[in-house]
Amino acid sequence: MSAILETSELPAVFDGVKLAAVAAVLYVIVRCLNLKSPTAPPELIYQDSALARFLLKSCPLLTKEYIPPLIWGKSGHIQTALYGKMGRVRSPHPYGLRKYLTMPDGATATFDLFEPCSEHCTGDDVTMVICPGIANHSEKQYIRTFVDYAQKNGYRCAVLNHLGALPNIELTSPRMFTYGCTWEFGAMVNYIKKTYPQTQLVVVGFSLGGNIVCKYLGESQANQERVLCCVSVCQGYSALRAQETFMQWDHCRRFYNFLMADNMKKIILSHRQVLFGDNNMKKPQSLSDADLGKLYTATSLMQIDDNVMRKFHGYSSLKEYYEEESCLQYLHRIYVPLLLVNAADDPLVHESLLSIPRALSEKRENVMHVLPLHGGHLGFFEGSVLFPEPLTWMDKLVVQYANAICQWEKTKPHCSDTEQAVSGQE
C-alpha cells in the first residue's frame with residue numbers, strides 16, 4: 001500500500017519541479033528584459049524661460065511617452081547591442097559627396113556632404129554638422145538613417161569621418177582621432193561656413209561626438225557664430241570620471257569596455273605602418289615599439305588611451321589627457337540652445353555622470369537635459385511588439401528640436417530670456 005502511495009506522489013513532485021523551473025525562467029526573462037518597467041515621458045530638467053516654454057509647445061516628443069518595442073525594448077543592453085550590431089533596420093543609402101581637407105600637420109580630414117531633399121519648414125538654408133560616435137563615420141547605418149531623415153526635412157548634412165575610422169582611407173600623418181580633438185570637426189565647420197555664407201548651423205554629436213561638439217563650441221565664442229543650437233546624444237561628459245565606472249562589472253560595463261577596446265585595437269593596427277613604422281620620421285617621438293607591444297595585450301580603452309592615444313597630442317599622463325579632452329570644462333561657455341540627451345538605462349554611461357548635465361540644466365536657461373527611462377546607448381528604437389521601426393525616437397527628437405529652434409529664431413522677442421542670461425553671465 002505504501003509503495004502505491006509513493007508512486008502516485010512522484011508525478012506530483014515532478015510537476016512541482018517543472019513549475020518551479022518554468023517560474024524561475026520566466027522570472028529571469030522578466031528581470032533581464034525589464035518587462036515590469038513602466039513607459040513614461042522623458043524626465044526633463046530645465047529652467048523656466050520663454051525658450052523652454054516654446055520648446056515644450058513645439059516638441060511633442062519632449063512630453064510624450066517614449067514607447068520602446070514591447071518584448072525587448074525596455075532592456076538597455078538589447079537596445080545597445082542592436083545599435084552596435086546592426087545600427088538600424090532597413091537603413092537608407094543617402095547620396096553624398098566626400099570632401100578632403102588637408103590639416104596643418106599633414107593629416108587628411110574627410111567628411112561627407114549631403115544636400116537637402118526638400119525645402120526647410122522655415123524656408124531658410126540650414127546645415128546640420130554631425131560628429132558620429134567613437135570610431136564611426138558617415139557609412140554607419142545609424143548615421144545614414146538620421147541623415148536621410150534630416151535631408152527629407154530640408155537640412156543639408158555634413159558628417160565628419162573620424163580620422164582613421166574609414167577602412168579605405170589611409171592616414172597621411174601619424175595621428176588618429178582622439179576623445180576630444182576638435183581639429184577635424186572645426187575644419188569641416190569652417191568649410192561649410194565659407195562655402196555656404198548664408199547657411200546657419202545645427203550642431204549634432206552622438207556619444208563621443210557629443211563630447212567633441214560641446215568642447216568645440218565652448219573653446220571659442222567665434223565657434224558659436226551662425227550656430228542655431230547644439231544637440232548631444234548619449235555622451236558621458238567627463239572621461240576622467242567615466243574611466244573608473246568603465247572598469248566596473250555592474251551593467252556589464254567592463255565587458256563593453258573590452259569590446260570597444262578590441263575594436264580600437266583593430267583600427268589602430270590597420271594603420272600600424274603610418275603610426276609605428278620605423279621609416280616614418282614624423283611619428284610622435286613618444287610612440288615606441290614597446291607601446292605597440294602593450295597595444296596587443298590591452299583589454300580596456302584606458303590602456304589604449306594611456307599607451308597610444310594620449311601621445312598623439314603629447315599629454316604627459318592619462319589624467320591630463322582625460323581632463324583636457326573632456327567637454328566638462330567647456331559646457332558653461334556654450335550660450336546657444338543646448339539639448340543634452342541621455343537614457344537612464346544606458347549601460348555605458350554610469351548614472352553618476354548624469355549629475356553633470358542635470359546641474360548645468362538647473363543653472364543655465366539655454367540648456368535642457370532629456371532623460372527617457374529606456375533607449376540604451378544610441379538605441380532608442382520604437383515599435384509595437386518585436387520588430388523595430390526604421391526611424392528611432394532619437395532621430396525624430398533631434399530633427400523636431402532643430403525645427404523648433406529654427407522657428408524660435410524667427411519668432412522670439414528681440415531680447416529673450418536666454419540672451420538676458422547670457423549678457424548677465426558675461
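**Briefing: annotated site and helix α3**

The side chain of H377 makes a polar contact with the side chain of D346, at 2.8 Å. A polar contact is a pair of N or O atoms within 3.5 Å; within protein, one must be able to donate a hydrogen and the other to accept it, and residues adjacent in sequence count only if both atoms are side-chain atoms. The model is predicted: local features need pLDDT of at least 70, side-chain atom pairs count only at pLDDT 80 or more, and totals for chains, interfaces and linings use all residues. Residues are numbered from 1 along each chain as its sequence is written, and side-chain values use heavy atoms, leaving out hydrogens and water.

**Annotated site**

- The unreviewed UniProt entry marks S207, D346 and H377 as "active site"; such annotations may be inferred rather than shown by experiment, and positions follow the numbering used here, with feature names shortened.
- These residues are spread over 171 residues of sequence, yet they cluster in space, with a largest C-alpha distance of 11.1 Å.

**D346**

- D346 sits in the loop between β8 (338–341) and α13 (355–363). Helices (H or I, at least four residues) and strands (E, at least two) are DSSP runs, numbered from the N terminus.
- D346 counts as buried because its relative accessibility is 4%. Buried means under 20% relative accessible area, exposed over 50%, and partly exposed in between (1.4 Å probe, protein chains only).
- Apart from neighbours within four places in sequence, D346 is in contact (heavy atoms within 4.5 Å) with C234, G376 and H377.

**H377**

- H377 lies in the loop between β9 (367–371) and α14 (393–411).
- Its relative accessibility is 5%, so H377 is also buried.
- Not counting residues up to four places away in sequence, H377 touches T80, Y83, S207, C234, D346, P347, L348 and V349.

**Helix α3**

- In α3 (residues 76–86), the residues G76, Q79, T80 and Y83 are buried.
- They cover an arc of only 95° around the axis, so they lie on the same side of α3. The arc is that of the directions from the helix axis to the C-beta atoms.
- The buried residues of α3 pack against α4 (141–152) and α8 (253–270).
- G87 follows α3 and has a positive phi, near 75°.

**Whole protein**

- The protein has 15 helices and nine strands.
- Of its 426 residues, 55% are buried.
- Among contacts with a separation of 6 or more, 79% join residues 24 or more positions apart.
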